[in-house]
Amino acid sequence: MTSIDNYNFSFSGEVTIPQAPPEFKSGFIGIIGRPNVGKSTLMNHIVGQKIAITSPVAQTTRNRLRGILTTPEAQLIFVDTPGIHKPHHQLGEVLVKNAKIAIESVDVLLFVVDGTVACGSGDRYVAELLCRSETSVILGINKIDEQPTVTEFIDDSYAQLASTHHWQTVKFSAKTGDGLPQLQELLIKDLERGPMYYPPDLVTDQPERFIMGELIREQILLLTREEVPHSVAIAIDKVEETPSITRVLATINVERDSQKGILIGKGGAMLKAIGSEAREQIQKLIAGKVYLELFVKVQPKWRQSRMTLAELGYRVEE
């Protein structure tokens, strides 16, 4: 799990955005790809802080997240999207629609693929979607730190894909940072001159409550793995701040009684472990002491209900 030290969030009060210098560039960069290719890890590493949760479970990202990197020459606003996959329920359809909407609403598309395996049908499907857009595309080959000794077949498969569509390519590791300076250079080169959209010290435009919910969900993904994964949604019910402590009350929504039993665990052990780990992460987020209370609620078939999805914050974005 990625470190989340040194947060720098500010969501309240008036904010002054400085005027950009004459040659300054800015723009929105959509991070697109199949599930579990390392899109969230990449964005966290680029902006220098953890704003998107990561886990070994595919389709971890559900909402379109924005990560902001400001350098002396440019401001890059990264849009981390859910992995493009064949949806099996209403939630999946919302996620894929939001990813497709992002393709048409950014200035540059960064198509991230898994460099440990050759180009497959899923990558070709995403490539066909990107070809329908007039937006510039950069093919990013991730996980070079995990590549096998012989990579000729893998490299050739992506070289052929890039050549077919006349895309620039760059190899990197979102985990170690190798190749990311070259990626950043390519992205800035593709951007137009523009204003500074956000204050230079801001790393995300997401509110603290959203990040809190994601940090709780991350611990569920890490601690329960295949037993519960995608049937969970977090609602932050209340946040009370005092000079000495911040009290957070949250509800974990699941679809079945059996999932509720798994999350609570024998004698409440699992829920206690989830709460303990999540509390530590939230304390790093707000740089203060946290009291976290978790409840588990069964909402049958919530992923199939448009109304419940909307109540839990999953809507098709404009």
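**A mixed sheet and its helices**

Val112 has Gly140 of E5 as its bridge partner. This is a predicted model, in which local features need pLDDT of at least 70, side-chain atom pairs count only at pLDDT 80 or more, and totals for chains, interfaces and linings use all residues. Residues are numbered from 1 along each chain as its sequence is written, and side-chain values use heavy atoms, without hydrogens and water.

Strands E4 (residues 108–114) and E5 (residues 136–142) are paired in the parallel sense over seven bridges. Pairing requires that DSSP finds at least two bridges between two strands; strands (E, at least two residues) and helices (H or I, at least four) are DSSP runs numbered from the N terminus. Strands of a sheet pair through backbone hydrogen bonds.

The open sheet has six strands in the order E2-E3-E1-E4-E5-E6, with mixed pairing. E2 (65–70) and E6 (168–171) each have a single partner strand, so one side of each is left without a neighbour in the sheet. Neighbouring strands are turned by 25° against each other on average, direction ignored.

Helix H1 (residues 39–47) lies across E1 (25–32), E2, E3 (74–80) and E4, at about 30° to E2. Helix H4 (residues 152–165) lies across E4, E5 and E6, at about 175° to E5. Axes are lines fitted to C-alpha atoms, for helices over the stretch in contact, and angles run from 0 to 180 degrees between N-to-C directions; contact means heavy atoms within 4.5 Å.

Most residues other than glycine have a negative phi. His166, in the loop between H4 and E6, has a positive phi of about 60°. His166 counts as exposed at 73% relative accessibility (exposed is over 50%, buried under 20%, partly exposed in between; 1.4 Å probe, protein chains only).
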